[in-house]
Amino acid sequence: MKNTRHKIVVLSDLKKSTATMLKSTVSLAKMINGDISFFHVKNPSDVVKKESQLSAIRTINHEHATIDKKIQRMVKSISKDYDINISYSFAFGNIKSEISEYLTQQQPDIIVLGKKKSNAFNFIGDNITQLVLKQHDGEIMIVDENNAPEPNTHISLGLLDGKEKGLNIGFADDLVAHSQQPLKSFKIAQKLNETDTINTSLNNEMIEYVFEKGDDSMNYLSNYLVKNKINLLYVDRMKDPSSTKKENATNASDIKDIISNLKVSLLLTSKVLSA
């Protein structure tokens, strides 16, 4: 029997939404048999101002102890509540460099990030979401603090341009097994055909909502996601080498719009086919 353990890394800025992000990670880990590692980076310039070298060392040491206690308290609480182990570490340094090096060392299968209501590409310093999107070829979960999966409950899974052939992730069966049924697919088409409808049943296993592309299509989609209580939207960013169609995966520009405008947590697939 296949018993793959998925390595999940949580990148956090330790803001108010961190607990929600960790709980959503626990939800995913329990569904797919995952191990969780938590990582935080602090820029020394945010701690040390114009001080002597000795004073700066003391300030850094004090901040180190403060951060350690804060993370430990949160991680222990969530670990105890949901009976799951969560390892953690943190570093002082350039935020982008430290995160990039950590990801290179850890080689996670899945990375979890937080998402703000606005300016989503400026949390944890400077454009960390973009860094992760470029560097990480595996799955990425981006958690919306107001619309996120909860541990020990079935998720409300939506598929953006979902295909009947299945999900392009190795843990698809586990994800679907822990999802409310039927699944719901949301598609933005260049132009609606006469055969397209807003609510179409696909083999009684999926409900598809089709919208015509326009200036307000992203807002329209966002409203339908909220109306259908979707708390995790599957977004395929994998290129199918056997396909000649340009639209066989969601492009980087569309992904940026999706992250910025949709009021829902996201699960972005791997960019490459598994070996």
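Reader: At what angle do helix 3 and helix 4 pack, and how far apart are their axes?

Author: This is a predicted model. In the model, helix 3 (residues 95-106) and helix 4 (residues 128-135) pack at about 30°, and their axes are 11 Å apart.

Reader: Is helix 3 then roughly parallel or oblique to helix 4?

Author: Helix 3 is roughly parallel to helix 4, because angles under 35 degrees count as roughly parallel. The crossing of the two is right-handed.

Reader: Which residues meet there?

Author: From helix 3 there are Ile 95, Lys 96, Ile 99, Ser 100, Leu 103 and Thr 104; they meet Ile 128, Leu 131, Val 132 and Gln 135 of helix 4. By class, the residues of this contact are six nonpolar, three polar and one charged.

Reader: Turning to the other pair: at what angle do helix 1 and helix 2 cross?

Author: The axes of helix 1 (residues 18-32) and helix 2 (residues 53-82) cross at roughly 40° and come within 11 Å. That angle makes helix 1 oblique to helix 2.

Reader: Left-handed or right-handed?

Author: The crossing of helix 1 and helix 2 is right-handed.

Reader: And which residues make the contact?

Author: Helix 1 contributes Thr 18, Ala 19, Leu 22, Lys 23, Val 26 and Lys 30, while helix 2 contributes Met 74, Val 75, Ile 78 and Tyr 82.

Reader: How many of the residues in that contact are charged?

Author: Two are charged, alongside seven nonpolar and one polar, in the contact of helix 1 with helix 2.

Technical notes
Residues numbered from 1 in each chain as written. Predicted model: local features only at pLDDT ≥ 70, side-chain atom pairs only at ≥ 80, totals over all residues. Heavy atoms only, no water. Axes fitted to C-alpha atoms, helices over the stretch in contact; angles between N-to-C directions. Helix = DSSP H or I, 4+ residues; strand = E, 2+ residues; numbered from the N terminus. Parallel < 35°, antiparallel > 145°, perpendicular 65-115°, else oblique. Left-handed = near helix turned anticlockwise from the far one by under 90°. Contact = heavy atoms within 4.5 Å. Nonpolar A, V, L, I, M, F, W, Y, C, P; charged D, E, K, R; others polar.
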